[in-house]
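Dear colleague,

A summary of the findings follows it.

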Amino acid sequence: MFDDFAEEFPGHRLSVVDLRPICDCGWAADRYFPTTEDATTHWLRDHAFPAVESQPPNWLVVKSDVLREQVEEMITTRPEAALKLLAEVEKWHRPLTTKAVQAARHRGASWTDVGSALGVSRQAAHERFRALEL
Ligand SMILES: [Zn+2]
């Protein structure tokens, strides 16, 4: 039955051991549940959905990788054109990052969550973006 979730939650596969849900990514519930169904529901709602929702869709990551590779190629053949394109990207990259941080904070993300998503420390994220909340 747990294999039903395998396609929906890539990277996360549920097991229930003594009615305690654990995930093969390393997550484990901090308590036990009265039924297997309750344990499964807890895994879904408190772990699997949030874990998968916090990841960008794979097709978009692939597009981003393709764009980066094409710009790298352009740098070798047409560096000035690459500079113009990079300037364009920078024009929307910074405001969108700010907007995403604000949206994440409004939805309850901690500075640790924001830092983790950006690949920086909690402190670095807070220092860079705290002015948004003043
Ligand atoms: Zn997991």
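**Findings**

Tryptophan 43 touches Leu14, Pro21, Cys23 and Ala48, leaving aside residues up to four places away in sequence; two residues are taken to touch if their C-beta atoms, placed from the backbone, lie within 7 Å. Please note that this is a predicted model, in which local features need pLDDT of at least 70 and side-chain atom pairs count only at pLDDT 80 or more, while totals for chains, interfaces and linings use all residues. Residues are numbered from 1 along each chain as its sequence is written.

Trp43 also belongs to the largest nonpolar core, whose five residues are Leu14, Val16, Ala39, Trp43 and Ala48. Such a core is a set of buried Ala, Val, Leu, Ile, Met, Phe, Trp, Tyr and Cys residues joined through C-beta atoms within 7 Å. A residue is buried if 20 or more other C-beta atoms lie within 10 Å of its own, exposed if 12 or fewer, and partly exposed in between. Strand 1 (14-17) and helix 1 (36-53) are the elements that give two or more residues to this core, and helix 1 gives the most, with three residues. Helices (H or I, at least four residues) and strands (E, at least two) are DSSP runs, numbered from the N terminus.

Valine 66 lies in helix 2 (residues 58-77) and counts as exposed because it has 10 C-beta neighbours inside 10 Å. Its C-alpha atom is separated by 40 Å from that of valine 16, 50 residues apart along the chain.

The axes of helix 2 and helix 3 (residues 79-106) come within 6 Å and cross at roughly 140°. Axes are lines fitted to C-alpha atoms, for helices over the stretch in contact, and angles run from 0 to 180 degrees between N-to-C directions. Val71, Met74 and Ile75 of helix 2 meet Pro79, Ala81, Ala82, Leu85 and Leu86 of helix 3 in this contact. By class, its residues are eight nonpolar, no polar and no charged; Ala, Val, Leu, Ile, Met, Phe, Trp, Tyr, Cys and Pro count as nonpolar, Asp, Glu, Lys and Arg as charged, and the others, Gly among them, as polar.

Helix 4 (residues 111-118) and helix 5 (residues 122-129) have axes that come within 7 Å and cross at roughly 100°. Helix 4 is therefore roughly perpendicular to helix 5, a term for angles of 65 to 115 degrees. The contact of helix 4 with helix 5 has five nonpolar, three polar and one charged residues.

Yours sincerely

Technical notes: Parallel < 35°, antiparallel > 145°, perpendicular 65-115°, else oblique.
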